[in-house]
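Colleague: Please take a close look at the charged side-chain pairs in this model. I would like to know which residues pair and how exposed they are.

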Amino acid sequence: TMLPLLLLLLPAAHAIAQLKPGPALSRDQLEGLTTASTFVLEQPRCVFKDYRDAVIWLVVALEKDVADFNNSAAPATSETAFQLFPDPVRAYMTLNATLDSYPCPKAPGDITVLRVGSETSCAQDVTRPSCNGPLPGPGPYRVKFLALEGSVPVDETEWSVPITLRTAKPFSSISTTGGGHSAGMIAITTILSILFAILLAALVAVLVFCGSESCGGSSTCSKPESVTVRRYNTHHVYDQPAARL
């Protein structure tokens, strides 16, 4: 009578408590926190402390498939291979690292992040089932860290909140009419038009001013050498009788 009872208690003996908090997007102001195929997580610093020999794995699943993942799934096998995600594999395991890779505490100024989906070279390589390959769609995804000693799960975090990736706007949805322009674009166009008009007016004013300078202020322009006083002869004044008195 004791054997059935022991069999019932065996799964409970392998149950592990979920550590808080779960994985989260990086709090650092990084370029491309989420893209069309990647996202950036905070490293699990100061999360796993009791199992120095454990290997930490990241488990990635679509939000709808989280409940189907079994902690006893073997990492780096076809059972959890990236290349078979999301069908038939519902969750894949990647970014394995020892606890020494996540020292605690975090040094001031360190950027301690993991970019999920950054490896393209192994995306189709079935010999690398733990590939950290580009994510196949916008999601939403949920992730957790799982600590294994050998093949035995010893610790894990909670699942993250849903993470949705960016999606490219279809070209057919981009309006080519004026009505599709944003208020910012209209304002920039207006300002540039005004500046161009001011510049054109200033150019015209400079041309007019320079033209009037060359004309000497008269209404009719003539060549400068046609008007001179140097050729005016005054010697005949001294030939007058009155001048000799």
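Modeller: A salt bridge here means a side-chain nitrogen of Lys or Arg within 4 Å of a carboxyl oxygen of Asp or Glu. K64 and D65 meet that cut-off, with their closest N and O atoms 3.3 Å apart. Bear in mind that the model is predicted. D65 counts as buried because its relative accessibility is 5%, where buried means under 20%.

The structure holds 4 salt bridges, and the pair of K64 and D65 is one of them. Another joins the side chains of R52 and D100, at 3.1 Å from N to O. D100 is exposed, at a relative accessible area of 59%.

E119 and R128 also form a salt bridge, and their closest N and O atoms are 2.9 Å apart. E119 is partly exposed, at 25% relative accessibility, and R128 is likewise partly exposed, at 36%. As for the reason behind such contacts, side chains of opposite charge can pair when their charged atoms come close.

Terms used:
Residues numbered from 1 in each chain as written. Predicted model: local features only at pLDDT ≥ 70, side-chain atom pairs only at ≥ 80, totals over all residues. Heavy atoms only, no water. Buried < 20%, exposed > 50% of the residue type's maximum accessible area, 1.4 Å probe, protein only.
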